[in-house]
Amino acid sequence: RSQRDRLTEFLTRVRTDARARAVARVGWHDRTFVLPDTTFGEGQSERVVFQSINASDHAFAQRGELQGWQNAIGQYAEGNSRLVLAISAAFASPLLNCCNEQSGGLHFRGTSQTGKTTALRVAGSVWGGGGVNGFIKSWRAPDNGLESVAEAHCDALLCLDELGQIHPAAVGEAAYMLANGAGKSRANRTGGGRQPAQWRVLFLSTGEISLADK
């Protein structure tokens, strides 16, 4: 107890000109782009640091160099309109904020084994990967789960596989929520209003049927 009190006393007395701002969401914060493990565009009066209880649970990653990606993946998209579209969505995601555009998504529809998931894997390779499904997430999630996933991909790409896994009664609401860029308002522990999750995101979806048919 005495050691803790001495630490508290020190923190109340120390003075420094350096400042850091902790943010709990990835993406753009003023002119700084924040990812869980790094930030881009620093140079303002304060350092921006990502700080979240889920900081370690993400698929943003880098392996190798740009030339390797171009040789192993990028060149094979030439002449394939679906892959070009998927990759373009991946690169366009962080530009939504710069262009003052809203969130939105594209749905790849087709029968099994026609390359829908491959398109998501190719698009996701722009941002990272890891685990069995790489950068791909599943449609199968409750509302608040999908909100957390969307917020964790703010200003980045969100890949959602297999539309058939989400309940038919929820899919329309979920798609509208993703495009609308905000989650539901909920109460906090004291009964007051809690700030709803917010995001800007381009999402790619796959399924054997259309959203309307689902």
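This is a predicted model: local features need pLDDT of at least 70, side-chain atom pairs count only at pLDDT 80 or more; totals for chains, interfaces and linings use all residues.

Trainee: Where in the chain is confidence lowest, and where is it highest?

Mentor: pLDDT is the predictor's confidence in each residue, from 0 to 100. The chain has a mean of 89, and 93% of its residues reach 70 or more. Confidence is lowest in strand S9 (residues 186-187), with a mean of 62, and highest in helix H3 (residues 81-92), at 97. Such elements are DSSP runs numbered from the N terminus: helices (H or I) have at least four residues and strands (E) at least two.

Trainee: In what order do the four strands of the open sheet lie?

Mentor: Two strands pair if DSSP finds at least two bridges between them. Here the order is S6-S11-S8-S7, with parallel pairing. Strands S6 (104-109) and S7 (136-138) are the edges, each pairing on one side only. Six bridges link S6 and S11 (residues 202-207), and glycine 105 stands opposite phenylalanine 203 in S11.

Trainee: Which helix packs on this sheet?

Mentor: Contact means heavy atoms within 4.5 Å. Helix H7 (residues 168-180) touches S6, S8 (157-161) and S11.

Trainee: Which strands form the antiparallel open sheet?

Mentor: That sheet has three strands in the order S2-S3-S4. Its edge strands are S2 (27-29) and S4 (39-40). Strand S3 (residues 32-34) is joined to S4 by two bridges, and valine 34 stands opposite threonine 39 in S4.

Trainee: What is the volume of the largest pocket?

Mentor: Rolling a probe the size of a water molecule over the atoms shows where empty space is left. On a 1 Å grid over the protein atoms alone, a pocket is an open set of points where a 1.4 Å probe fits, with protein on both sides within 12 Å along at least five of seven lines; lining residues have an atom within 4 Å of a point. A volume is the space filled by probe spheres set on the points, which are joined across faces, edges and corners. The largest pocket has about 930 Å³. Its lining has 31 residues, and Ala61, Gln62, Ser125, Val126 and Gly128 are the closest to its centre.

Key. Residues are numbered from 1 along each chain as its sequence is written. Side-chain values use heavy atoms; hydrogens and water are left out. Axes are lines fitted to C-alpha atoms, for helices over the stretch in contact, and angles run from 0 to 180 degrees between N-to-C directions.
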